[in-house]
Amino acid sequence: MTIRSRVLGWGTYVPPRVVTNQDLTQWMDTSHDWIVERTGIEQRHWVDEGESGAGMAAKAAKKALVEAQVDAEEIDMIIYATLSPDVDFPGTGVFLQRELGLKPLPALDIRQQCTGFIYGLSVADNFIKTGMYKKIMVVGSEIHSTGLDISTRGRDVASLFGDGAGVAIVGVSDDPEMGILSSHLYADGTDAEALWLEMPGSKYHPRISHEDIDAGRHFPTMQGQKVFKQAVTRLPQVILESLETNGYSIDDLNMLIPHQANLRINEFVAKKLKLDETRVHNNIQKYGNTTAATIPLCFSEALEAGKIKRGDLVCCAAFGSGFTWGSVLMRY
């Protein structure tokens, strides 16, 4: 009998501090209208001092366990996606394991940036299909605010990002018709420097200098037009691939949960696929880009709003730094 995995429950957390576009004007030359026109973002959540990625993930995980009706001791593995680890090493997954008081278990940290949660779902799905594990915690947790150039120099990037965490408990499906149908993962490093954080880096000696800091090389940089062009090409391709692999067309899709990088990207993708707004859920307006946390934050919100029902055909898709991209198709 074929084993199929499905998401048993979701949990999310965002820090209580809300930073509006108007708030940003005290630190940089920008405006609410300028940010909304280019990105669709109206506000984002930023951590206060002392909050950690593992701490946020723990709060989201506890909610996910309750929704999934799974006890913490049943978790067999943690897959932790982030581009903003709490420390350089060890990986943040072990700090989450400690926060939750879980038994010794494998904790796999992955660095696929905006596509991290999609990669994580795919890894969990395949571990469960082999029968190696029965219940896996897939995490996306990010703290961007402490690493942004919050000034006019850095406004093109700093205005985009928010902090938050999302968790899915993935387990064995009790119905062979329901669950994750397939995943599709890609990476192409040709333009890796178009969206990256260069320093500190182990290939440099020293890993960062005072001159590097003065030049802002420890802040993320982005070539926006190059990223936009790749995203609106790759996302439709990988969404259609997931549907065609399983014998479906775009007309069969009930809901698309896209990565929340830029509302204009998602509007372009929806138009290209001929998906009206009732079949695409976006919430970047409230949270900004939380990279690995966007898919669970968006999926969970769509569920709560009644936009996704049991049995719906749902596609999650993401594109990000690397460049990496991918999709997961599920019969929810």
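This is a predicted model: local features need pLDDT of at least 70, side-chain atom pairs count only at pLDDT 80 or more; totals for chains, interfaces and linings use all residues.
**The annotated domain**

- An unreviewed UniProt entry places the feature "domain: Beta-ketoacyl-[acyl-carrier-protein] synthase III N-terminal" at residues 108-189.
- In the model, the end C-alpha atoms of residues 108-189 are 22 Å apart, and the span is 22% helix and 35% strand.

- Strand 13 covers residues 324-331, and eight of its eight residues are buried.
- In a regular strand, side chains alternate between the two faces of the sheet.
- Strand 8 (residues 179-187) runs antiparallel to strand 13, and eight bridges join them.
- Strand 12 and strand 13 form a hairpin with three residues between the strands, where glycine 322 has a positive phi near 140 degrees.

**Aromatic rings and charges**

- A pair of aromatic rings is described by the distance of the centres and the angle of the planes.
- Counting rings whose centres lie within 6.5 Å, the model holds nine aromatic pairs.
- One of these is the stacked pair of tryptophan 10 and phenylalanine 299, at 4.4 Å centre to centre with 20 degrees between the planes.
- Tryptophan 10 belongs to strand 1 (residues 5-13) and phenylalanine 299 to helix 11 (residues 294-304), so their pairing ties together parts that are 289 residues apart in sequence.
- Tryptophan 10 and phenylalanine 299 are both buried.
- Ring pairs also link Trp10, Phe117, Phe299 and Tyr332 into a cluster.
- Two arginines are placed over rings: arginine 155 lies over the face of tryptophan 34, 5.3 Å from the ring centre, and the charged end of arginine 217 sits over tyrosine 204, 5.8 Å from the centre of its ring.

**Backbone geometry worth a look**

- Most residues other than glycine have a negative phi, and most peptide bonds are trans.
- Histidine 205 and proline 206 are joined by a cis peptide bond, with omega about 0 degrees. Proline 206 is in the loop between strand 9 (195-196) and helix 7 (210-214).
- Another cis peptide bond joins glycine 322 and phenylalanine 323, with omega about -15 degrees. Phenylalanine 323 is in the loop between strand 12 and strand 13.
- Glutamine 69 is not a glycine, yet its phi is positive, near 55 degrees. With a relative accessible area of 73%, glutamine 69 is exposed, because the cut-off for exposed is over 50%.
- Threonine 291 has a positive phi too, about 40 degrees, although it is not a glycine. Threonine 291 lies in the loop between helix 10 (284-287) and helix 11. Its relative accessible area is 1%, so threonine 291 counts as buried under the 20% cut-off.

Definitions and conventions: Residues are numbered from 1 along each chain as its sequence is written. Side-chain values use heavy atoms; hydrogens and water are left out. UniProt positions are given in the numbering used here, feature names are shortened, and annotations may be inferred rather than shown by experiment. Helices (H or I, at least four residues) and strands (E, at least two) are DSSP runs, numbered from the N terminus. Buried means under 20% relative accessible area, exposed over 50%, partly exposed in between (1.4 Å probe, protein chains only). Two strands pair if DSSP finds at least two bridges between them. Rings of Phe, Tyr and Trp (its six-membered ring) pair if their centres lie within 6.5 Å; planes under 30 degrees apart count as stacked, over 60 as edge-to-face and the rest as tilted. A charge sits over a ring if NZ of Lys or CZ of Arg is within 6 Å of the ring centre and within 35 degrees of the ring normal.
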